[in-house]
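Hi,

Here is the structure I promised to pass on. My notes on the interface and one of the pockets follow below.

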Amino acid sequence: MTLEWAVFVVVLLIAAMIVTGADPVGDGDPSPFLVVVVVGFTTFSLGSMLWYRTLGSAALLRAESNEEIRQAYTRRMMVCSTFALLPMLLGFALALATGHVDLFFGTFLISLIALIYAAPRKRDTDRLDRAMIRRGRPFRVSAAIEPRDGS
Amino acid sequence: MTDKTSYLRDELDALVDHGLYNTITTIDGPQGPWLSVGGRDVLNFCSNNYLGLANDDRLVTAAKAALDRYGIGPGAVRTIAGTMTIHDDLEEALTRFKGVEAAISFQSGYAANLAVIPALVEAEDLIISDELNHASIVDGVRLARAGRKIYPHGDVDALSDRLAEARREGARRILVITDGVFSMDGDIAPLDRIVDAADEHDAIVMVDDAHGEGVLGRGGRGIVDHFDLHGRVDVEVGTMSKAFGAVGGYVAGSKHVVDWLRQRGRPFLFSSALTPPDVAACIAAVEVLEASTDLVDRLWLNAKRFKEMMSGAGFDIGSSETPITPVMLGDEHLAREVSRLLLEDHNVFAQAIAFPTVATGKARIRVMISAAHTDADLAVGAEAFTTVGKQLGVVA
């Protein structure tokens with residue numbers, strides 16, 4: 001999946017460059033090219049995050065032991081957090097390259113909100129637990145991921 | 001002289017006629033993934049030796065050392081002959097392992113249930129029990145003087161109805177009892193929802209975690225840990241005869257529950273305690289589990305692999321959520337034939353389970369996976385099942 005994703009991003013960048021015909025580096029406001037790249041990339045990252053979160057939730061609900069739940073939950077959190085961070089990293093890179101720090105501030109805010117969404121939250125585990133109960137499964141995500149002494 | 005028990009011969013003949021007579025297989029050596037039966041090595045798919053500890057060197061060494069230090073027997077019941085330090089050590093280890101205030105050991109899990117249920121409730125009280133609870137719970141309930149209600153298996157809504165009904169009828173105390181893992185199907189009780197329902201009606205909750213100890217929860221700490229219900233389950237009954245690899249039972253809970261059982265638990269008061277070698281082996285088992293989760297992890301991995309192989313071969317393996325793997329066959333005679341062919345033609349020892357242990361038409365071969373099985377063992381077993389299954393038309 002990573003390779004396809006990388007190819008897609010490169011294609012997206014080239015397409016944006018062709019469509020806007022813009023020089024990415026310039027004075028004043030960010031060029032339309034940069035804005036398109038950032039918006040496109042951010043949309044793609046957040047979409048990927050939500051897509052993987054759905055896949056991760058499905059894997060969690062299929063788990064056959066608490067250990068599998070812990071693994072699936074960790075994987076889901078790590079992958080979603082990575083996608084959430086990408087817009088900020090792009091914004092930071094572009095800010096370094098072009099000097100447009102407002103791009104960084106914008107993407108930072110978006111990444112921060114996405115990270116909070118992707119982070120472990122009680123509402124999320126409660127929702128997953130309810131889904132487990134609806135399916136009649138004797139596993140609870142909240143119990144499986146809860147750190148406890150002596151274990 | 002007239003044989004006053006001759007009626008039993010007729011009863012035994014009837015058992016044979018109905019295919020219900022139990023023939024007990026004799027094993028020549030120790031429990032393990034392979035057994036010696038009648039001079040043959042057979043793959044063991046029958047024992048509750050989940051973690052392969054029954055012949056583990058660490059347990060055997062501990063038992064030998066206890067034999068040297070304490071001798072063979074406890075002398076009498078602990079309240080009369082005194083208690084050995086090693087029994088106290090075991091109870092401390094279990095208290096620590098289970099994360100409870102106190103624990104008390106019994107001769108078996110069966111004895112623990114016979115001790116705790118009648119001790120908790122009186123005639124003015126009511127017991128509400130899952131319909132598929134183990135025979136030791138059924139017998140414990142029979143010994144208690146309290147009233148009783150049964151709720152459909154795992155049905156928490158029905159349990160809530162029974163609880164509300166019991167309160168309306170004026171029951172003084174209510175005791176809800178469930179197995180943690182149900183041994184025939186391998187399903188897990190929805191204990192968190194049971195506890196919620198019981199709390200709503202101020203009922204005591206007791207769980208018998210015989211098949212969950214050493215299997216569920218972190219490092220095999222059982223169903224209470226699995227659902228993270230520490231402090232919310234009043235009484236936990238466990239056994240050391242299954243995953244722990246030795247023999248014995250225990251009750252874990254609050255100090256006052258354990259203290260009460262020392263005063264009123266009849267198997268504790270009227271039957272000798274576990275022997276010192278058994279106790280030492282149990283302590284060693286707890287220490288093995290505390291030191292590493294490797295065995296528990298391996299058990300779950302083995303179970304997953306075997307279930308995948310059996311499902312892939314086309315077998316119906318029920319809805320087990322634990323390493324217990326029922327191979328559902330339906331017909332009693334078919335189940336017995338599969339079991340016979342597995343043993344005779346393929347050296348696989350897997351027992352048929354039929355009525356009255358399970359409902360008519362629900363006969364199965366119950367495969368008990370162990371951490372001691374290797375990948376090759378599991379493959380041999382699955383291959384044997386597939387061959388016999390094809391031979392008898394169970395799978396295509």
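Across the interface of chain A and chain B there are three salt bridges, counting a side-chain nitrogen of Lys or Arg within 4 Å of a carboxyl oxygen of Asp or Glu. R140(A) and D192(B) meet through their side chains in a salt bridge, at 2.4 Å from N to O.

Before going on: this is a predicted model, where local features need pLDDT of at least 70 and side-chain atom pairs pLDDT 80 or more, while totals for chains, interfaces and linings use all residues. Residues are numbered from 1 along each chain as written, chains are lettered from A and ligands numbered from 1 in the order written, and side-chain values use heavy atoms, without hydrogens or water.

Back to the interface: 18 residues of chain A are in contact with 14 of chain B (heavy atoms within 4.5 Å). About 1,500 Å² is buried between the two chains, 48% of it from carbon and sulfur atoms (accessible area, 1.4 Å probe, lost on being put together and summed over both parts).

Then there's the second largest pocket, with a volume of about 570 Å³. Of its 30 lining residues, the closest to the centre are E64(A), S65(A), N66(A), E67(A) and W300(B). (A pocket here is an open set of points on a 1 Å grid over the protein atoms alone, where a 1.4 Å probe fits, with protein on both sides within 12 Å along at least five of seven lines; lining residues have an atom within 4 Å of a point. The volume is the space filled by probe spheres set on the points, which are joined across faces, edges and corners.)

Cheers
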